[in-house]
Amino acid sequence: MQAMLFHAECAASGADRLGECPLWDEAAGELWWVDILGPALKRLDPASGKLRALALPEPIGSFAFRRAGGILAAMKSGLYFLNPDDGALERIAQPETGLAQNRFNDGRCDRDGRFWAGTMKDEGKREPVGSLYRLDAGRACARMRGDLYVPNGLGWSPDGRTMYLSDTHRHVIWACDYDRAAGAISSERVFAQADDLHPDGACVDAEGCLWSCQYGGWRIVRYTPAGKIDRVLELPVANPTCCCFGGEALDTLYVTTATQKLAPDELARQPLAGSLLALRPGVKGLPESRFAG
């Protein structure tokens, strides 16, 4: 294992309360992400430095690009098609209308264009009332797993046959066998677990390794497909939340961060907290999958 302090460039200065879900749009050459509690959808053109932000009416946990154009957004009240230019919303599914305390959190598309996203209790004491949902191209929404506190870290191996899922509150990352034809998970097993592990968002690189942001840990950990720690990237912020590879060669690791719950003295020690960071770890990523619907 290598502990490494990489130079973290500030790609976009800000004070996101809970930055999350960075995604690289290779077609436009832009980096998109959300501030869940802003709530806002943001996009950056790294070439020009132009930053745009779309204010939203409720928290947005994650999103995906659509093959048909536009955005699929996982928001507090459900799943929506979102026009990123004017903010228009089209409701697709509301699977938790009886759980007003819940909101959608982390989400990502599998290699075949299905969207997976988890829910969690929004405020107060953590309880295992969250679930994991799958949205198919035909708009069918299915509950695939329950008993989750804070679902995070969704990702797939390069061949799409292994799915990763973490529960930050349980300090665990799971790996599951993934049936690409059926969009089904099986053989869930512990991939990584430790008392000091707070796994947040994650991504998988071209070599099949999982990069896991450690909330509160000042670091990102890279795991081999066997679940062994390969390297640790130390960061200048306590709360990295999610990461993705971007740039023309997919060799820039973009990292979202958070300021929520940081006291003034902590914020003073972390001037980059709430900003979008960029690192170059010498590894390439994979193109982002788009929702097939």
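## A proline in a loop

Pro39 sits in the loop between β4 and β5. This is a predicted model. The peptide bond that runs from Gly38 to Pro39 is cis, with omega near -20°. Most peptide bonds are trans, and most residues other than glycine have a negative phi.

Pro39 also touches Leu56. Setting aside neighbours within four places in sequence, Leu56 is in contact with Pro39, Ala40, Leu41, Met75 and Leu82.

## The sheet around that loop

Strand β5 (residues 40–45) pairs with β6 in the antiparallel sense, over six bridges. Within this region, Asp45 stands opposite Lys50 in β6.

## A second open sheet

Another open sheet also has four strands, in the order β2-β25-β24-β23, with antiparallel pairing. Its edge strands are β2 (9–12) and β23 (240–246), and each of them pairs on one side only. Neighbouring strands of this sheet are turned by 35° against each other on average, direction ignored.

Strand β25 covers residues 276–279 and pairs with β2 in the antiparallel sense over three bridges. Follow β25 to Leu277, and you find Cys10 opposite.

## Nonpolar cores

The largest nonpolar core has 18 residues. Those with the most contacts inside this core are Val34, Leu41, Leu56, Ile60, Phe63, Ile71 and Leu82. Several strands supply the core. Those giving two or more residues are β3, β4 (30–35), β7 (60–65), β8 (71–75) and β9 (79–82).

## Aromatic rings

A pair of aromatic rings is described by the distance of the centres and the angle of the planes. The structure holds 11 aromatic pairs. One of them joins Trp116 and Tyr178, with 5.8 Å centre to centre and 65° between the planes, and it is edge-to-face. This pair links distant parts of the chain. Trp116 is in strand β12 (residues 115–121), while Tyr178 is in strand β17 (residues 172–179), 62 residues apart. Are these residues buried or exposed? Trp116 is buried, and Tyr178 is too.

Next come Tyr164 and Phe191. Their ring centres are 5.0 Å apart and their planes stand at 65°, so the pair is edge-to-face. The cut-off for that label is over 60 degrees. Tyr164 lies in strand β16 (residues 162–167) and Phe191 in strand β18 (residues 184–193), 27 residues apart. Both Tyr164 and Phe191 are buried. Elsewhere, ring pairs link Trp32, Phe63 and Phe65 into a cluster.

## Arginines over rings

Two arginines lie over aromatic faces. Arg66 is over the face of Phe81, at 3.6 Å from the ring centre. Arg145 is over the face of Trp174, at 4.5 Å from the ring centre.

## A buried asparagine

Asn152 is found in strand β15 (residues 151–156). How is Asn152 placed, buried or exposed? Asn152 has a relative accessible area of 2%, so Asn152 is buried. The cut-off for buried is under 20%.

Which residues does Asn152 contact, leaving aside its neighbours within four places in sequence? They are Glu20, Asn105, Asp106, Leu165, Ser166, Thr168, Pro199, Asp200 and Gly201. Take Pro199 from that list. Asn152 and Pro199 are 47 residues apart in sequence, and 7.3 Å apart in space, C-alpha to C-alpha.

## Positive phi in two loops

His171 is in the loop between β16 and β17. Phi of His171 is near 60°, a positive value in a residue other than glycine. At 21% relative accessibility, His171 is partly exposed.

Lys261 lies in the loop between β24 (252–257) and α1 (264–269). Phi of Lys261 is also positive, near 70°, again in a residue other than glycine. The relative accessible area of Lys261 is 76%, so this residue is exposed.

Methods. Residues are numbered from 1 along each chain as its sequence is written. This is a predicted model: local features need pLDDT of at least 70, side-chain atom pairs count only at pLDDT 80 or more; totals for chains, interfaces and linings use all residues. Side-chain values use heavy atoms; hydrogens and water are left out. Two strands pair if DSSP finds at least two bridges between them. Axes are lines fitted to C-alpha atoms, for helices over the stretch in contact, and angles run from 0 to 180 degrees between N-to-C directions. Rings of Phe, Tyr and Trp (its six-membered ring) pair if their centres lie within 6.5 Å; planes under 30 degrees apart count as stacked, over 60 as edge-to-face and the rest as tilted. Buried means under 20% relative accessible area, exposed over 50%, partly exposed in between (1.4 Å probe, protein chains only). A charge sits over a ring if NZ of Lys or CZ of Arg is within 6 Å of the ring centre and within 35 degrees of the ring normal. A nonpolar core is a set of buried Ala, Val, Leu, Ile, Met, Phe, Trp, Tyr and Cys residues joined through side-chain atoms within 4.5 Å. Contact means heavy atoms within 4.5 Å.
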